[in-house]
Amino acid sequence: MDIERVLSLSARQAIRAEFSFDPRAPLTVCVEFRVEGGPRALWRIGRDLLRQGLRSRSGVGDIQIWPSNYPENRATARLQLTSGDMAALFELPIPRLSEWLDHTYALVPAGHELAGVDWDVTTTDLLAG
């Protein structure tokens, strides 16, 4: 997905963001940010956090997302990522992200994310260290 990094009120940088979803780990999505000729960064973001952030402010701390509708009907969301003393603000197209998220919820419906967890094995593994 093509997105923009917001550098200032009048400056933006084109970024490629690749969203991926693994039904075996359905609570999160992975987003790899790529700048042509530059470094890549991988973030894991809560799937529900992204979904809620398309409608209202969502997230606390390192990851926050909220809708930002423009007068010219360009529906976008702002995604802010913070790590230590650094922060980056991105603008994402709501229609494309919403469509992609709908696909993930078709694969693993909301409320069924932990349905396949074997709690006996998980508890044993946790206690074994």
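Mentor: Let's begin with charges: Lys and Arg count as positive and Asp and Glu as negative, while His and the chain ends are not counted. This is a predicted model, where local features need pLDDT of at least 70, side-chain atom pairs count only at pLDDT 80 or more, and totals for chains, interfaces and linings use all residues. Residues are numbered from 1 along each chain as its sequence is written, and side-chain values use heavy atoms, leaving out hydrogens and water.

Trainee: How far apart are the mean positions of the positive and negative charges of the protein?

Mentor: Each charge is placed at NZ of Lys, CZ of Arg, CG of Asp or CD of Glu. The protein has 14 positive and 17 negative charges, and their mean positions are apart by 6 Å.

Trainee: Which pattern does the protein follow along the sequence?

Mentor: Helices (H or I, at least four residues) and strands (E, at least two) are DSSP runs, numbered from the N terminus. There are 3 helices and 7 strands. Read in order, they give β-β-β-β-α-β-β-β-α-α.

Trainee: Is L27 buried, partly exposed or exposed?

Mentor: L27 lies in the loop between β2 (12-20) and β3 (28-34). Buried means under 20% relative accessible area, exposed over 50%, and partly exposed in between (1.4 Å probe, protein chains only). With a relative accessible area of 46%, L27 is partly exposed.
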